[in-house]
Amino acid sequence: MSSLVVLGATGSIGLQTLDVADRLGWEVVGLAARRAGDQLAQMADRYPDAQVVAVDPVPEGHDFFRRKFGRRYSRGKPSLLEMARLTGSVVVNGVVGSAGLEASIAALEAGNRLALANKESLVVGGELVMEAARQGELIPVDSEHSALYQCLVGEQLPEVSRLVLTASGGPFRGRSRAELARVGVAEALDHPTWNMGPRITIDSATLVNKGLEVIEAHYLFGLGFEKVSVIVHPQSIVHSMVEFVDGSFKAHLGVTDMRIPIQYALTYPERAPLELPEFDLARTNLTFEEVDREVFPALDLAYEAGRAGGTFPAAFNAADEVAVAAFLEGKIAFLGIPAVISEVLENHPSIKASSVEAVIGADRTARRAAEATIRRL
């Protein structure tokens, strides 16, 4: 039996991780969520030996948790980082947004295996995370990066011609810019393939999510941006591919179920049985098409931020987080999201991502710039 810490336990990744852990018979020793709410309380009851953390400093629910769970419970970022450092644990980081960076570094520096579902960790602090990974073990949970990781097992990076990230195209594949100017929040949240949280779903609709994955792949696999490409694959059956210098491809394909990459990250290098719907190759139709970069400019903005390096990826991510929140609140139109990102990047100062403090500072600067841009839209 192995010990498991789940950061972002009440989110989509967290819930599916706990399902996998129960099937594998793993011991859950840590549960962290943003709020001290009913869902976290139910989880704490379900796993009576687990430490419990609510990151939100707001005191709502704190007294109830303290009375009910006693010393098992604590709150705030320091407690989250302490949980990530629990020695000998596999730490699943399913925290949404740049808040997951410090937890990723803490888990790796403690020598733990980090099953990383928080792509922003690598986007905003890629060099810092990969440096910390020398002390621990980093295995990606994102379906695309897990696919690439699995395709590269036993291969040599100099023999890789390119990585091919697949994109479903989101709910607006085939739409024009004029059509996207009129879409609402409900339409943007209606993803055709995956069941994800609001921010990730909107990012998929704008292709920001794919841009973040491009930057993540660059750091995770140590390849230049010219060797990371994106292709639209509406069926989401081929989760990603690797092309080698001899012209051959390796692809990872299967049903669209996040429990597959989650379980792989937990059990690697071994595989465990997983009950899933039958995958019928004979009834499977695979199609691919180029990204319409004029309609979805956020992808090229991500490449620009990645190539600029330093804290530009952090600025890209921060601007997107603020813009997505504004869209969900009805403050800006859908096409306002890439517009906000573009303006923030255009005015962002060139700063090295030399420390967590530098990254956090750039994040704050970009958020303020994004908020100012939104007020002008």
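Predicted model: local features only at pLDDT ≥ 70, side-chain atom pairs only at ≥ 80, totals over all residues.

**Strand β2 and its neighbours**

- Let's start with strand β2, which covers residues 27-33. Six of its seven residues are buried, so β2 is largely enclosed by the rest of the structure.
- On one hand there's strand β1 (residues 3-7), which runs parallel to β2 and is joined to it by five bridges. If you want a spot to look at, S3 has E27 in β2 as its bridge partner.
- Getting from β1 to β2 takes you through helix α1 (residues 12-24), and the three together make a right-handed β-α-β unit.
- Strand β3 (residues 51-54) also runs parallel to β2, this time with four bridges between them. Here A32 stands opposite V53 in β3.
- β2 and β3 have a helix to go with them too: with α2 (residues 38-46) they make a right-handed β-α-β unit.
- As a bit of background, strands of a sheet pair through backbone hydrogen bonds, either parallel or antiparallel.

**S79, a contact of V53**

- V53 turns up again when you look at S79, which touches V53 and S74, leaving aside residues up to four places away in sequence.
- S79 sits in helix α4, residues 77-84. Its relative accessible area is 14%, so S79 is buried, the cut-off being under 20%.

**N118, in a loop**

- Where is N118? Look in the loop between β6 (113-116) and α6 (119-132).
- Is N118 buried or exposed? With a relative accessibility of 0%, N118 counts as buried.
- Setting aside residues up to four places away in sequence, N118 touches N93, V95, V96, G97, G100 and L101.
- For a sense of distance, A99 is 19 residues from N118 in sequence, and their C-alpha atoms are 9.1 Å apart in space.

**R113, in strand β6**

- R113 belongs to strand β6. R113 has 13% relative accessibility, so it counts as buried under the 20% cut-off.
- What does the R113 side chain reach at 3.1 Å? That would be the backbone oxygen of L266. The backbone oxygen of Y268 lies 2.8 Å from a polar atom of the R113 side chain.
- R113 has contacts in several stretches of the sequence: among the residues it touches are S89, V90, V91, E137, I139 and A265, not counting residues up to four places away in sequence.

**Aromatic pairs**

- How many aromatic pairs does the structure hold? The count is eight.
- One of them is F65 with Y73, a tilted pair with 5.1 Å from centre to centre and 50 degrees between the planes. Both F65 and Y73 are buried.
- Another is F225 with Y303: the ring centres are 6.4 Å apart and the planes stand at 70 degrees, so this pair is edge-to-face.
- That F225-Y303 pair links distant parts of the chain, 78 residues apart: F225 is in the loop between α11 (208-221) and β9 (228-232), while Y303 is in helix α13 (residues 298-308).

**The four-stranded sheet**

- Four strands form an open sheet with mixed pairing, in the order β9-β8-β10-β11.
- Why is one side of β9 and of β11 (249-253) left without a neighbour in the sheet? β9 and β11 stand at the edges, and each has a single partner strand, so one side of each has no neighbour there.
- From one strand to the next, the twist averages 20 degrees.
- β8 (residues 160-167) pairs with β9 in the parallel sense, over five bridges. Within that pairing, L163 stands opposite V228 in β9.
- Helix α11 packs on this sheet and touches β8 and β9, with its direction at about 150 degrees to that of β8.

Technical notes
Residues numbered from 1 in each chain as written. Heavy atoms only, no water. Helix = DSSP H or I, 4+ residues; strand = E, 2+ residues; numbered from the N terminus. Buried < 20%, exposed > 50% of the residue type's maximum accessible area, 1.4 Å probe, protein only. Contact = heavy atoms within 4.5 Å. Pairing = 2+ DSSP bridges. Right-handed = clockwise from strand over helix to strand, strands pointing away. Phe/Tyr/Trp six-rings, centres within 6.5 Å; stacked < 30°, edge-to-face > 60°. Axes fitted to C-alpha atoms, helices over the stretch in contact; angles between N-to-C directions. Polar contact = N/O pair within 3.5 Å; in protein donor to acceptor, adjacent residues only side chain to side chain.
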